[in-house]
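Good morning, and thank you for joining. May I ask you to look at the structure on the screen before I go through its contacts, its strands and its backbone.

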Amino acid sequence: MKLKILICFAGLLIAAQLLAQSTQLRVMTYNLRFGELASLEEMATYIRSQQPDLVALQECDWKTTRARAPKQAGKAFVNELAYHSGLFGIFGKAINYAGGYYGVGILSRYPILRSERVLLPNPEPAKEQRVMLIAEIELPDHSVVTFISTHLEVSSDKARTAQIEFINEKVKELKTPVILAGDFNAIPSSTEIKSGMAQWFAATDTNFTYASTKPEIKIDYIYGLPANRFNLLETRTDSSCMLSDHFPVLSVLELKKKSNY
Amino acid sequence: MKNMFKWMIVSVVLLTACKDPVPDTGYVAPDPPIEINDRNLITLEFYSRLNDETLFGPDGYQPIVDRINTTTTALAYFFDRSDVLIGQKSSVVDVALKTKTKAFFVQNHLSATYAEGTGMLVRPIINAFDGFVAPDTLFAGGCTLMAPLGQPVTVTLMTCRVMYKPQFRALVNNLGDGLKTNRLLTGTISNALAEEFSSYLKYNLRDFRLSFYKPDAGATEYQLFILTPLNFVFRGAVASTVGAVPLYECKIEYLR
């Protein structure tokens, strides 16, 4: 009997130790389609309901006036979504557009230590400037994770390949674990994803993410690096969410402490 | 002869030892010009209670929103102790939303449920928010932006709160040569540490100006400190209140 109690106690201790050596992060990526299909309040309500720690946003406007999204005129998407979802937010401008700016964003449950918007290479025949938004985020256990939101070129695989190569080079400079999320405009069987992202931990399933009205392809992803620091606890492409032409993707990642691998 | 030589040496040693030593006052910045060039003044609005209480009371911050939207043209706005309940709507993010500015949060302490620190708002689109961390000791954060002075000048505006002595070293180590790149640090420091902080910087940092500002009225536990490179100088602050929140409008001149 005593031995059984002792074994149970030891098991509990080991479990507690393992738990203390990892952090769980709820990570979401969501292309907003510049708010054409839903209000920012609806989007914020959805995001809040998923209780994410980190959200990568694409197709975010900053004070634009678009004919196709008149209700969003003059709105700073990231500010609106950050406030209504109870998160911190930053915006990364890609281009000037319709009297304002258009780009990507990051929402974070925890304050952002540093952030940087980096221009991605844009070789011909790429249509427009693309960016990656990098944020270093301090977690409650005082460890730091780097979170990147990006939206790659839509019309050229050559440009996407160059952009992925650039991202892979850029992350070599980072000293923290990295989570990269966004709209890659590339399907899982493409060379960009298959070989370009080979070193990363793939943290999503293969369900289609686009288009929400007629899902046919997967182009939205979440990745982690170094691959051996991550475990995937759960992932979901929410095909019931029709607030954009993309489905939101949410993954629950276990980020293992360095000593654990 | 031998004795005489010995006495000469003793005399020289004694004379040298008795000579008044040159007092070592540490680094002293050269005096700035007396005349102020208004065209080169940067205004920073620093909202702070200069104590350990949170900034926004039940009266909220609508008067501040109105001021930012209608009256003021400050380069940046700082909200000392605009603490955040993690996962809840944050006051500084709300001010940013209502004023269409960009928000950044510089935390002093972070737990799973609470972030204590200073919110910062700026108007222009920012490419990078910058910061440096000394684990468990200090986080100073801010951003680089163009100051619309007589000629446009790039400045990095940063803030932090100095509450313990170990932060002195962390600050100096992390600043490195940072001040040379037009880095302006405006923050709060405990009154009890101000003199020691000044002295520490004099012996551990060069080419800087350090100023303090303490309002005349009311007892406070903290004061403002303004740390700049030599090509900037703090020209004073104006104390007022916006709604029920104390504001210190700080003027910093660019000296070229």
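**Core, interface and backbone**

Let me begin with A:L57. Leaving aside residues up to four places away in sequence, A:L57 touches A:Y30, A:L32, A:V78, A:V104, A:G105, A:I106, A:L107 and A:S149. Please keep in mind that this is a predicted model. A:L57 is also among the residues with the most contacts inside the largest nonpolar core, together with B:L44 and B:A76. That core has 143 residues.

I turn now to the interface. On the chain B side, 27 residues are in contact with 24 residues of chain A. Five elements of chain B each supply at least two residues of this side: α3 (91-99), β4 (102-110), β5 (114-122), β6 (128-134) and β7 (138-147). Which of them gives the largest share? The answer is β6(B), with five residues.

Next, a strand of chain B. Is β12(B), residues 222-229, mostly covered or mostly uncovered? Seven of its eight residues are buried, so that the strand is mostly covered. Strand β10 of chain B, residues 183-190, is joined to β12(B) by six bridges, and the two run antiparallel. Strand β11 of chain B, residues 208-213, likewise pairs with β12(B) in the antiparallel sense over six bridges. B:L224 takes part in both pairings: B:T188 stands opposite B:L224, and B:Y213 has B:L224 as its bridge partner.

Finally, the backbone of chain A. The peptide bond from A:Y210 to A:A211 is cis, with omega near -5°. A:A211 lies in the loop between β9 (201-202) and β10 (220-225).

Two non-glycine residues have a positive phi: A:E59, near 55°, and A:H142, near 70°. A:E59 is found in strand β2, residues 54-62, whereas A:H142 is in the loop between β6 (131-138) and β7 (144-151). A:E59 is buried because 22 other C-beta atoms lie within 10 Å. A:H142 has 11 C-beta neighbours inside 10 Å and therefore counts as exposed.

How values were computed:
Residues numbered from 1 in each chain as written. Chains lettered and ligands numbered in written order. Predicted model: local features only at pLDDT ≥ 70, side-chain atom pairs only at ≥ 80, totals over all residues. Contact = placed C-beta atoms within 7 Å. Helix = DSSP H or I, 4+ residues; strand = E, 2+ residues; numbered from the N terminus. Core = buried A, V, L, I, M, F, W, Y, C linked by C-beta atoms within 7 Å. Buried ≥ 20, exposed ≤ 12 C-beta atoms within 10 Å, placed from the backbone. Pairing = 2+ DSSP bridges.
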